[in-house]
Amino acid sequence: MDLHYNAQAEAYRSRVRELIARTVPQDWRGIGQLDSTARAEFLPWWRKTLQDHRLLAPGWPEEYGGGGRGIVEQSITMEELVRAGLPQTPLPNDACGFTLLGPTLLHWGTPEQKAHYLERTIDGTIRWAQGYSEPEAGSDLFNLRAKARLDGDSWVVNGQKIWQTAGLSANWIFVLVRTDPEAERSKGLSFLLVPIDQPGVEVRGIRNMAGEVEFAEVFFNDARTDADNVVGGVGNGAKVALTLLGFERAAGGVAAALAAQIELERLVHLARSTGRNRDRSVRQRIADCRTSTHVLHCLALRTLTAAAAARPPGPESSITKLVASEYRKRVTELAVDLLDIEALAPRGAEAIAALGPEPLGLDPESSAAWVTDFLHARPGTVYGGSSEIQRNTIGEQVLGLPREPRVTNPRTERPGTH
């Protein structure tokens, strides 16, 4: 694995840094420095700025409003934005649209689907949510029960999805549904694009343990979507879904590792401000965290190297997911330990990020932000594939260990399937 970027990549990095320097205010220290009012004004402006410079979707073809950049340049763009304390996906639904659905449509979509949905995702007309998990189909995704049947020129969708990030602000959702009820598990699934703003779709917010209504659940009762809104072909939803999860863990790896390093520097500042930086056990735990951020950086470079060589995402992405989510538990646990009794009555600047480390600029001594991060990190070992599932994937598909025995759910087993 080559740990160095070539001259062309470094020249592109310089252009991105120059653009950032020309664009942000001279006293810019990161979006974490802004209060909620200033941030609400800044984010739409910043999104338009990225769009105007074709950096909102740097890897999408120019014909759809993207930047036409390769995977290495995409990674550099995201890395430099994190370094400057600037979001790549400024608005709540952007992550689903640009990180998940967009790359999946580029891989599986028809020319008509690409032309229609990608442009509208970039201009913000369409705001996406993801419809994978169900009450009894989370990590065991292929146990899902939501179904769709073809009725003339449209699909009729029934069922429930849960844990939609930014679902309350979305107007479209991509869902994995069962279109062949006689097929087993991963067979007979299809990937559909469904409008939310229609009769037969109900969205309910879910309050998390941090007191925020960031997640949602969606109920479908004879909701409809055009027959052409199936991506990757009828019955091929499992392959499409797994491709999407691979994209989720690919291009942004280097930027994510850098975000973890920035978070760790906040933690070191906190340790010094509390006087606990001289504590041997604290220093050892910080060293352990620093080792993990370096591991994440190396894993990201390895993934980026594979992607640049046009190798598709493999099961190795489970290693990154496992290390990252378990690391966030440890780093936020250490922060709460450093806060000691102050964690019971948190104060200071509120947290900004919902699913990851706080951006550059946030006060490292804010106990309110650290406690919220601690609560956000708890479900990180569950969503996107639980740590137990990731370990199974690593053991079976990476290390070649014997498969874990499958236990049949008697409530979903059909006669004659033994």
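Analyst: A residue is called exposed when its relative accessible area is over 50%, buried when that area is under 20%, and partly exposed in between. Please keep in mind that this is a predicted model.

User: Why does aspartate 228 count as exposed?

Analyst: Aspartate 228 has a relative accessibility of 65%, and the cut-off for exposed is over 50%, so aspartate 228 counts as exposed. Aspartate 228 is placed in the loop between β7 (215–226) and β8 (230–231).

User: Which residues gather with Asp228 in a patch of negative charge on the surface?

Analyst: The patch brings Asp228 together with Glu112, Asp153 and Asp226.

User: What is alanine 115 in contact with, leaving aside its neighbours within four places in sequence?

Analyst: With those neighbours set aside, alanine 115 is in contact with Tyr64 and Arg120, where contact requires heavy atoms within 4.5 Å. As for glutamate 63, 52 residues apart from alanine 115 along the chain, the two C-alpha atoms are separated by 8.5 Å.

User: Which residues of helix α11 are buried, and what covers them?

Analyst: In helix α11 (residues 387–398), the buried residues are Ser387, Gln390, Thr393, Ile394, Gly395 and Glu396, and what covers them includes α9 (317–339). Just after α11, glycine 400 adopts a positive phi of about 75°.

Note on methods: Residues are numbered from 1 along each chain as its sequence is written. This is a predicted model: local features need pLDDT of at least 70, side-chain atom pairs count only at pLDDT 80 or more; totals for chains, interfaces and linings use all residues. Side-chain values use heavy atoms; hydrogens and water are left out. Buried means under 20% relative accessible area, exposed over 50%, partly exposed in between (1.4 Å probe, protein chains only). Helices (H or I, at least four residues) and strands (E, at least two) are DSSP runs, numbered from the N terminus. Patches are made of residues with over 30% relative accessible area and no salt bridge: like charges are joined within 9 Å, nonpolar side chains (Val, Leu, Ile, Met, Phe, Trp, Tyr) within 5 Å. Accessible areas come from the Shrake-Rupley method with a 1.4 Å probe; for residues, only the protein chains shown count as cover. A salt bridge is a side-chain nitrogen of Lys or Arg within 4 Å of a carboxyl oxygen of Asp or Glu. Lys and Arg count as positive and Asp and Glu as negative; His and the chain ends are not counted. The place of a charge is taken as NZ of Lys, CZ of Arg, CG of Asp or CD of Glu.
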